[in-house]
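User: I'd like to learn how to read helix packing and charge pairs in a model. Could you walk me through it?

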Amino acid sequence: MSRSLDDYITETDHSATLQSKLNQFERALTRRWRREAVEQIDRREPVKTFLARSSGPYGAPDVSPYMTLEVQHHKAHCAFIDWVMNGQDGDLGSVSCDGATGLMPGDNQLMYDYAYDPPRVVEMPFNIDCPIGQLMSDIEDWAWGERLTIKNKLPKFDGHDVSKLEAAYEAAEALRAATLSDYGGVDITQGEHNDLAGSSDLSGTVAKIWSKDSDSRDWWVEWSGLAAEHVKGNFCTSTGPTLINHSLIATALANLISQRAAIIEKGRNNGIYWIEQTTVKLDDHSMSEDSTDLVPGWKAVQGIGASIALYGAGTGPGAAPAAATGGAVSLLGFLGENLFGEWKTSSFPEQMEELVVNLSDRIDSLNENLETHEQEYSAGVSSARGAVNDASSFDLELYDLTENSSGGVADKGAADGYDVNISNVLTLAEHCEAAAVAYEDLLSNFSDLLDAAPHLADKNGDPTTGDEDLAAMCEELHGFFKTTAARYYLAFEEIKAAAEAYADADDTSAGSFDRTMESWGRDGVGTAEPGIDVEAAAEDTERAEGADDNPYDGALTGDGTVYYTEENSSRY
């Protein structure tokens, strides 16, 4: 069965997988080593006792017994050599050898060993104490030592559940899709948001609210307790940036989660690839029958660490809105070609020692590459963290309605003399309720998103600083969404109450109010029952140390007038 590039290793017990692959590698190396030892004996060469290791497991063994003239005469009659050359079937322990040298009674036993200068006279026995069986047993130990050397280098990535990361990615993708808008480049300072038509989805609903921040709100000074200029320039103004930033942050989190998954998959896949291919080259008979579906290649990771920028209510298209259309707007996809490009394969040497040394070197390179990716990933998380920390809380979870004073702005006058269209006001309240319900519905996605935290970790299973910060930003985004839902619910209640209070005092508005209430009853408007504690959830989300702690700062532009209090003037 072929694997596509975005397929990933699903087993969480990766140590068991590595154990199985290393078992096959060790078996292949043992078989190959024994064959080569027989060839070296035939050539009267020293038997190689270590490959990628720096030395043998018990120091350098004595190889001289395998190079004697006695062994040269014995090899053609050796049961152990026959066993090796005939496929090594069965257990080594079942083989026995009588040590025959091929001489028969009456044969001349005096021979010259011309490997020495001058030649050495040897009295050849009829039988020797065969050393080949011990050599074949020693090779098992040597192969185990090579296996242990490779095992200790391999990136573990044990216990990571990549399917949990995929579920988290899909949750962030759903949050992104629900909050994605086509007005990320709108310049508030030029009033471009005032003409947004809006559709029936969440972004469309928010557009209808956002476009209202240019309407007169002076009548709210007395009737609702919402300071007119504060609502005009604060609550309605905050709705667009909040939605846009939710989409940008969700996109960034999705990409970062996918990047962590890519590092895990590369570490797992590539380690297996090098082991499998080395095993096949050493001895293709050592692969078990269920290992015919080998890893098709190794994976190179690309595109890690992209930065993001968030949307600021006080900035124009030359600043954050322009940046908001790049970087984090595009999803990388979960694994796949955006992160891996294509399968890659490599050529392998033929000689046993070169194969094992090559495997060891490849694992070293893999670990070096993984460390580079960890640094890139951490840089990407740091960039996202910096963007979130720099943003005003009003741009992340709406303007806090409790900031308003009942008196409003002193020089704006009372509510008398204003003609209020109650129907329009109640329509705004209706939009706020719809946005609140939509945001609350999105909270169900956070279960999968937050469940990713235990699987955000490096090759040793330890969460890095970047992993911990990514998990924290997932928690913060949950807080932003929950607070936003609560503040939309509060806005609905306050705007409706303001309209009702005005209608009670203005006979001409009472009829319009009553007709709207009847329409709401037919359409189910105003009947939403929050599943959250609205008052508690409307409190500010706890943010990371170093985050902007003054929502009026205008930190994204430094102009101090993004949102304004009674002491400062409108930014328009």
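Analyst: Happy to! Let's begin with handedness: a crossing is right-handed if the near helix is turned clockwise from the far one by less than a right angle, and left-handed if anticlockwise. Keep in mind that this is a predicted model.

User: Which handedness does the crossing of α13 and α16 have?

Analyst: For α13 and α16, the crossing is right-handed. Contact there involves I422, S423, L426, A429 and E430 on the α13 side, and S509, S512, F513, T516, M517 and W520 on the α16 side.

User: At what angle do α15 and α16 cross?

Analyst: Helix α15 (residues 465-505) and helix α16 (residues 507-523) cross at roughly 140 degrees, their axes coming within 6 Å. The two are therefore oblique to each other, since only angles over 145 degrees count as roughly antiparallel. Here α15 passes α16 in a left-handed crossing. Among the contact residues are F492 and Y502 of α15, with F513 and W520 of α16.

User: And the charge pairs?

Analyst: Side chains of opposite charge can pair when their charged atoms come close. The structure holds 20 salt bridges. In one, R53 meets E146 at 2.8 Å, N to O. R53 sits in the loop between α1 and α2 and E146 in helix α4, so the pair ties together parts 93 residues apart in sequence.

Definitions and conventions. Residues numbered from 1 in each chain as written. Predicted model: local features only at pLDDT ≥ 70, side-chain atom pairs only at ≥ 80, totals over all residues. Heavy atoms only, no water. Axes fitted to C-alpha atoms, helices over the stretch in contact; angles between N-to-C directions. Helix = DSSP H or I, 4+ residues; strand = E, 2+ residues; numbered from the N terminus. Parallel < 35°, antiparallel > 145°, perpendicular 65-115°, else oblique. Contact = heavy atoms within 4.5 Å. Salt bridge = Lys/Arg side-chain N within 4 Å of Asp/Glu carboxyl O.
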